[in-house]
Amino acid sequence: MAGTPSTVRTNNKLVRWIDRRLPLFSFAQDAMIDYPEPRNLNYWWNFGSLAGLMLVIMIVTGVFLAMQYTPDSNLAFNSVERVMRDVNYGWLLRYIHMNGASFFFIVVYIHIFRGMYYGSYKEPRELLWMLGVVILLLMMATAFFGYVLPWGQMSFWGATVITNLFSVIPVVGKTVLTWLLGGYAVGGPTLARFFSLHYLLPFVIVGVVGLHLIALRQHGSNNPLGIAVKGPQDELPFHPYYTIKDLFGLGVFLIIYALFVFEMPNVLGDAANYIPANPLQTPPEIVPEWYLLPFYAILRSVPDILFIPSKLAGAICLAGSILILFLLPWLDTSRVRSAYFRPIYKWVFWLIVIDVFALGTVGAHRPEGWYIVIGRIATLYYFFHFLILLPFIGWFERPLPLPESISAAVTRKNGVPVGAAPAEPR
Amino acid sequence: MRRLFPAALGAALLLCAGGAWAQEDAPDAPHQDWSFAGVLGTFDPGSLQRGFQVYNEVCSNCHSMNQLHYRDLAGIGFDTAEIAAIAAQKQVQDGPNDQGQMFMRAGKSSDGFVAPFANAQAAAAANGGAAPPDLSVIVKARGKGLEYLWGMGGPDYVYGVLNGFQDKPPAGFNLPQGKYYNEYFSGHAISMPPPLADGTVQFQDGTKSTLPQEAHDVVTFLTWAAEPKMEDRKRTGAKVIIFLLAMTGVLYGAKRKVWKDVH
């Protein structure tokens, strides 16, 4: 809840002189020091700031990598290897960037699931949520373009498979595909434009993140109880409480991130991407990066439906699986935000988590045998969850009584909520 | 318990998803002991130089290593004079000169490894239609299975293929003309004839050149070649992680202190 803007508190004449003309210091004071947050945010709320940090890490490492990279289909693979071998700390930059993509998605997926568990998308934060979905879409596009750049086998064939999806568009599909690729197949012109877009989109993301933050500040963060802040007793200033909590969380996150960057930097990637792209040789399996596997599984799981061929139906479901998130604030009809007070939704939430993991597993395997069956069931359940379960649960579920206020629920003295009568000694 | 549940669920789901990468149509090559495995693994310098000798005398007749330069051999312990001598044994095309002619000259340490064939087509033509792959990052390109979790899998596989040739394919296996049966190669029919045998090279350091020894050494060399900065990476990583652990510990203490009066 944004109160009156603070002004910077300082006796430094230069700071005051600048601040009177360009209120940068006051803005920082307002946004990062005095900014009131609900006092009961748990560690799941760390992932927003972590996502912001990952965006910065990706842009910074990416800018330096771009100085050494050559977007030419004959030179791209070698230029990446040159970064690994001859550029000072090039291996570090590249592994931070490469694993950073994975960790960016880990952080953002946790951030999204957190929003789903605590109902952060509900009134009045619908646009905040929808901007988040826009960021997710932009991230997926950026990651896809980025994965093509090393011009390995998986880069090339992944690009071929995914761009081919556009050919299912009726009538104009083929034309659109040629226009996107800059030719009739993935090749040099495709690589050049993907590099250009890969450099552009992160800055678009920065812009949308700005809007996301403006929308966030309008009503402040949601919280684990999902009830509105009622007054200053429910809040804490961002600094020092959440700065230190975010920093500690950042430390834990960086340890795990560093383990991957330094000890197993290639685990999350596909070995086949260390084979230079060869348009004449299709790899035995074409798999996207792990963070796109659930959506890839949806794409492949859909059979022919009536007169719609499975390729088109799959592409529609793939698009729908993400676009449906835009409607989430209205599909979930419950007026209670936090799953904490929703005895049925609390379990249904974990089912959709399991469902997404099941889809991810299916996406990593050849579509044969049980994987086809599981893939279809999991795809059906995904849409069933959003289109049927969520609206109906909202109508039938009897939520638990909500606490009066955040402070009443969480402030305890000696383990007893403040204001509660002390237990009688026996 | 309530807090543990999401973590436990996540771990369980990750494990079943992790199995996703373990796919095969040939058995996984048995795991070998590698000095460079593990968090602080380093390359065995003797093995690296013997491995280079195997590559230089045997593999390089068919396989290029386009990402490497002779100067890189400093990373496996050769000194400047030795590297210059190794490079000088090769003939490199240079030019054009003042007359506009290309000419051949002895290699220099700044040259890239000389490839055995002029181009991929020439390589394929000379090898029954299958161009021998470049070996620069072959170890990284062949990683698979959960062993890959530690950046491994690739070395085991290459070692397995080098040792996995069988004179006679199992009964019922239809081996195409001009192919060789290999236990660990996908599909078992490989175009490469068995490249190594006992005594294929004479190691300069006196090590007995058995087939397993040659294979072990050349795989060590190829693993180094796939990522010459690996030792650097692991050493830096150890320092970074120790620092992060200490920093996070301090931050945790600070967090507890700041929040003490709020809880």
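**View 1. Phe165(B) stands opposite Asn182(B) of strand S4(B) in this predicted model.** The pairing of S3(B) with strand S4 (residues 180-182) of chain B is antiparallel and runs over two bridges. Both strands belong to an open sheet of three strands in chain B, ordered S3-S4-S5 and paired in the antiparallel sense. Strand S3 (165-166) and strand S5 (189-190) of chain B form the edges, each pairing on one side only. Strands of a sheet pair through backbone hydrogen bonds, either parallel or antiparallel.

**View 2. Domain 1 and domain 2 of chain B.** Chain B is divided into domain 1, which covers 44-68 + 113-226, and domain 2, which covers 229-257. Taken over C-alpha atoms, the centres of these two domains of chain B are separated by 38 Å.

**View 3. The contact between chain B and chain A.** In this contact, 39 residues of chain B meet 34 residues of chain A. On the side of chain B that touches chain A, helix H1 (4-18), helix H5 (138-141) and helix H8 (230-259) of chain B each supply at least two residues. H8(B) provides the largest share of that side, 16 residues. By residue class, the side of chain B that touches chain A comprises 24 nonpolar, seven polar and eight charged residues.

**View 4. The contact between the two domains of chain A.** Chain A is divided into domain 1 (34-284) and domain 2 (287-399), and their centres, taken over C-alpha atoms, are separated by 22 Å. Domain 1 of chain A gives 26 residues to the contact and domain 2 of chain A gives 22 residues. Helix H5 (90-117) and helix H6 (126-148) of chain A each supply at least two residues of the domain 1 side. The largest share of that side, eight residues, comes from H6(A). The residues of domain 1 of chain A that touch domain 2 divide into 18 nonpolar, five polar and three charged.

**View 5. Helices H13 and H14 of chain A.** The axes of helix H13 (residues 345-364) and helix H14 (residues 370-396) of chain A come within 9 Å and cross at roughly 150 degrees. Because angles over 145 degrees count as roughly antiparallel, H13(A) is roughly antiparallel to H14(A). The crossing in which H13(A) passes H14(A) is left-handed. Residues making the contact include Tyr345(A), Ile352(A), Asp355(A) and Leu359(A) of H13(A), together with Tyr371(A), Gly375(A), Tyr382(A), His385(A) and Ile393(A) of H14(A). The residues of this contact of H13(A) with H14(A) divide into 13 nonpolar, two polar and one charged.

Methods: Residues numbered from 1 in each chain as written. Chains lettered and ligands numbered in written order. Predicted model: local features only at pLDDT ≥ 70, side-chain atom pairs only at ≥ 80, totals over all residues. Axes fitted to C-alpha atoms, helices over the stretch in contact; angles between N-to-C directions. Helix = DSSP H or I, 4+ residues; strand = E, 2+ residues; numbered from the N terminus. Parallel < 35°, antiparallel > 145°, perpendicular 65-115°, else oblique. Left-handed = near helix turned anticlockwise from the far one by under 90°. Contact = placed C-beta atoms within 7 Å. Nonpolar A, V, L, I, M, F, W, Y, C, P; charged D, E, K, R; others polar. Domains from an automatic or database assignment. Pairing = 2+ DSSP bridges.
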